[in-house]
Amino acid sequence: MDPDAVKSTLSNLAFGNVMAAAARDYQKEIVAKEKAQAASASHDEVDLDELLDDPELEKLHAERIAALKKEVEKREVLKRQGHGEYREITEGDFLGEVTGSEKVICHFYHREFYRCKIMDKHLKTLAPVYLGTKFIKLDAENAPFFVTKLGIKTLPCVILFKKGIAVDRLVGFQDLGSKDDFSTRALENILKMKGIIDEKKEDEDDEDDETDMSMNRRIRSSTAQDSDSE
């Protein structure tokens, strides 16, 4: 046999052995990873079971549910009082509206004034966002008694009430740079600064509610899977 051919054959055999060994090592590594992942998943399931049986977690969950229920009931009461929307009232409604809620924003307007329409647009946007405050408007021409009583000279005039007492006001656009193109956020920040709307928006509460609902669904789903496996 040709010495070169023999040498080539032996070299090929050695290379084949190396590749086979490498393939075996790679396969072992894959199997080890799969076992580690399976063990990790099993550990997670055990941890979840332990959490579901944790009395402290159950207590916290019950407290959160109770708080959410109380918040929902509070919102329903506020909505029945006229919160959550920007409404027009009459002079006869005025006293009952401003004394019937803890925080009230009342816009005295003139239907033909352009700036009153601008203020209307922004207040209408904020009303459903800040449920804790009542947003109303009153045609100044049809409310001469309260216009005089409150010393209203310039329109738009937004008066802020706390527990039935007028505590502050926005006259025209003086606090808004005296410009017509101010943003809703600019008005929102001023109302926050004056303490007539809360720092936390209602849509953030909704996000918290959605988070809790999502957590509840995950727990119920996991519990159902455990029951099926049994």
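Predicted model: local features only at pLDDT ≥ 70, side-chain atom pairs only at ≥ 80, totals over all residues.
**K163**

K163 comes out at a relative accessible area of 65%, so I filed it as exposed, the cut-off being over 50%. I then placed K163 in the chain: the loop between β4 and β5 (165-171) holds it.

**S178**

Next I checked S178, another non-glycine with a positive phi of about 55°. S178 sits in the loop that runs between β5 and α6 (184-193).

**P156**

I went looking at the peptide bonds and stopped at the one from L155 to P156. That bond is cis, omega being near 0°. It went in the notebook because most peptide bonds are trans. P156 itself belongs to the loop between α5 (144-149) and β4 (157-162).

**H110**

Leaving out neighbours within four places in sequence, I got C116, E141 and L155. Which side chain makes a polar contact with the side chain of H110? That is E141, at 3.3 Å. H110 lies in a loop as well, the one between β2 (103-109) and α4 (114-126). I put H110 down as buried because its relative accessible area is 11%, under the 20% cut-off.

How values were computed: Residues numbered from 1 in each chain as written. Heavy atoms only, no water. Helix = DSSP H or I, 4+ residues; strand = E, 2+ residues; numbered from the N terminus. Buried < 20%, exposed > 50% of the residue type's maximum accessible area, 1.4 Å probe, protein only. Polar contact = N/O pair within 3.5 Å; in protein donor to acceptor, adjacent residues only side chain to side chain. Contact = heavy atoms within 4.5 Å.
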